[in-house]
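Here is a short note for your review. Please read it with the model open beside you.

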Amino acid sequence: MNGSHRRAGTLLGTVGTALAVAGPVMVLRGRGGRKEIRAELAGQKITFPERGLPAELAAHAGRQVETGPEAHAYAEFIKGNLARATGGRAYAEITAELHAAGGDDEKLAELRHTAFMGQSLRASLMSAYQAWHLTTLVMGLGTVLTGLGVSLVATAQVLAQCPPDRS
């Protein structure tokens, strides 16, 4: 093996080893993140109602929210309820109406509170959903890096076994 093959083999082996070590760490961290998301959602004790769900959410009836996709589904449930309660208006729009009315309209003040609570709950659930996707990405990348690392180490070993070039 000439010097360039030796250096390439050493570099491939070093990078491969680093990736083969980093990959499983990423997978474990992703799984840990998932476990944390599940625990936090379960601790909130959010359960879909048994009846009254839109057709696209009917499969969730009576189930507790424990995963990112379930958090997303419940956020959509809140979105529909909130739209009905506020006439499709956002918190900021209702606040503007309240201020335009002099700030003394109790009905608008209550509606603003409802909009705030609903949008806050929905944002929290959407954050759990996004975090769930990040854990998927981290675990997927960890798996790819592990495979790449193992491949690079194997390539380095093959290079190390090549007979020296006799040019």
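Which residue forms a salt bridge with Glu76? The points below start there. Note that this is a predicted model.

1. The partner is Arg122, and the closest N and O atoms of the pair are 2.7 Å apart. Arg122 belongs to helix H4 and Glu76 to helix H2, so this contact ties together parts that are 46 residues apart in sequence. Arg122 is partly exposed, at 21% relative accessible area.

2. **The salt bridge count.** How many salt bridges does the structure hold? There are three. The Arg122 and Glu76 pair is one of them. The others are taken up in the next two points.

3. **Arg63 and Glu70.** These two side chains meet in a salt bridge, with an N to O distance of 2.6 Å. Is Glu70 buried or exposed? Glu70 is buried, because its relative accessible area is 9% and the cut-off for buried is under 20%. Arg63 counts as partly exposed, at 40% relative accessibility.

4. **Arg89 and Glu97.** The side chains of Glu97 and Arg89 also form a salt bridge, again given as N to O, at 2.6 Å. Glu97 has 30% relative accessibility and counts as partly exposed. Arg89 is partly exposed as well, at 27%.

5. **The nonpolar core.** The largest nonpolar core has 17 residues. Which of them touch the most other members? They are Leu41, Phe48, Val65, Ala71, Tyr74 and Leu125. Helix H1 (3-44), helix H2 (68-86) and H4 each supply at least two residues of this core. H2 gives the largest share, six residues.

6. **Pro69 in H2.** Pro69 is found in helix H2. Its relative accessible area is 43%, so Pro69 is partly exposed. Take Pro69 and Ser120 as a distance check: the two are 51 residues apart in sequence, and their C-alpha atoms are 18 Å apart in space.

7. **The loop between H1 and H2.** Lys45 lies in this loop. Phi of Lys45 is near 55°, a positive value in a residue other than glycine. Please look at that backbone angle in the viewer. Lys45 counts as exposed, at 64% relative accessibility. Arg51 is placed in the loop between H1 and H2 too. Arg51 is exposed, with a relative accessible area of 73%.

8. **The negative patch.** Which residues gather in a patch of negative charge on the surface? They are Asp104, Asp105, Glu106 and Glu110. Glu110 has its place in helix H4, which covers residues 106-161. Glu110 is exposed, because its relative accessible area is 58% and exposed means over 50%.

9. **The nonpolar patch.** Leu134, Leu137 and Leu141 make a nonpolar surface patch of about 290 Å². Leu137 is placed in helix H4. Is Leu137 buried, exposed or partly exposed? Leu137 is partly exposed, at 47% relative accessible area.

10. **Leu159 in H4.** Leu159 lies in helix H4. Leu159 is buried, with a relative accessible area of 17%. The C-alpha atoms of Leu159 and Ala109 are separated by 74 Å, and the two residues are 50 apart along the chain. Compare the Pro69 and Ser120 pair, which is 51 residues apart in sequence and 18 Å apart in space, C-alpha to C-alpha.

How values were computed. Residues are numbered from 1 along each chain as its sequence is written. This is a predicted model: local features need pLDDT of at least 70, side-chain atom pairs count only at pLDDT 80 or more; totals for chains, interfaces and linings use all residues. Side-chain values use heavy atoms; hydrogens and water are left out. Patches are made of residues with over 30% relative accessible area and no salt bridge: like charges are joined within 9 Å, nonpolar side chains (Val, Leu, Ile, Met, Phe, Trp, Tyr) within 5 Å. Accessible areas come from the Shrake-Rupley method with a 1.4 Å probe; for residues, only the protein chains shown count as cover. A salt bridge is a side-chain nitrogen of Lys or Arg within 4 Å of a carboxyl oxygen of Asp or Glu. Lys and Arg count as positive and Asp and Glu as negative; His and the chain ends are not counted. The place of a charge is taken as NZ of Lys, CZ of Arg, CG of Asp or CD of Glu. Helices (H or I, at least four residues) and strands (E, at least two) are DSSP runs, numbered from the N terminus. Buried means under 20% relative accessible area, exposed over 50%, partly exposed in between (1.4 Å probe, protein chains only). A nonpolar core is a set of buried Ala, Val, Leu, Ile, Met, Phe, Trp, Tyr and Cys residues joined through side-chain atoms within 4.5 Å.
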